[in-house]
Amino acid sequence: MKKICIATMILLLLVGCSSAKTESKEFETSNKKAVSVIDKLDNFPVSLNTFVKDYNSNTSLQLKNPSEVDFQVFNENQGYSKTLIQESSGNVQYNLDAIFDNDKNFKRIIYNATMPDKGDQDAISVLTATLFSLGIDVGFLNDFIESGEADSEFNNNGYKVYFLFEKSIGFLNATVDKE
């Protein structure tokens, strides 16, 4: 009987120690900083100020000065964004955003446009000027639009570019990352 009591006490002691270790591990895990998809991207090859300066020298549709734009939380704490241009006229809407990681390092450019009836000259000009300012061959955009495909991905001049077009709603997205 004594052996059973001792064995039971040892078992209870082991179970108690085991659960304490589990609680400790759960606490450590909850204190670790979550790493977002944006955090994993390489830093953008040019500074945001350089990009805006180059862009603004190529078009009359001027981007906002990045120092005058506040950081906004991006995609449920995946990082931050700064909206460089945002326009809405009738049913045409477009914007160009600079995306930053949680440490506010410049990582990506995202362009979105909704043009349900037909293409809008200003909306397309923003994307064209963005690509041109980064030294990306604008012919890739023309080829994509003419192809009728829903999406396309390519690398050019040190950048990885992804296009998405949802024809039924006239939605065009372009995402530019470092290659």
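Hi everyone. Let's open with a question: are F44 and F106 buried or exposed? Both of them are buried. Keep in mind that this is a predicted model.

Let me stay with the aromatic rings for a moment. Searching the whole structure turns up 9 aromatic pairs. In the F44 and F106 pair, the ring centres are 4.6 Å apart and the planes meet at 40 degrees, so we call the pair tilted. F44 comes from the loop between α2 (37–40) and α3, while F106 belongs to strand β4, so this pair ties together parts 62 residues apart in sequence. Another pair is F154 with F163: here the centres are 5.6 Å apart and the planes are at 45 degrees, so this one is tilted as well. F154 and F163 are buried too.

F44 and F106 also belong to one aromatic cluster, together with F71, Y80, F100 and Y159.

Now, on to the nonpolar cores. The largest one has 36 residues, and F51, Y94, Y111 and F163 have the most contacts inside it. Several elements supply at least two residues each, including α3 (48–56), β2 (79–89), β4 (106–114) and β6 (159–166). Apart from that core lies another, of 5 residues, with I38, L41, F74 and I99 among them.

Last, a closer look at Y94. Beyond its neighbours within four places in sequence, Y94 contacts residues including L61, I85, Y111, D120 and V126. Thanks, and I'm happy to chat!

Key
Residues numbered from 1 in each chain as written. Predicted model: local features only at pLDDT ≥ 70, side-chain atom pairs only at ≥ 80, totals over all residues. Heavy atoms only, no water. Core = buried A, V, L, I, M, F, W, Y, C linked by side-chain atoms within 4.5 Å. Buried < 20%, exposed > 50% of the residue type's maximum accessible area, 1.4 Å probe, protein only. Helix = DSSP H or I, 4+ residues; strand = E, 2+ residues; numbered from the N terminus. Contact = heavy atoms within 4.5 Å. Phe/Tyr/Trp six-rings, centres within 6.5 Å; stacked < 30°, edge-to-face > 60°.
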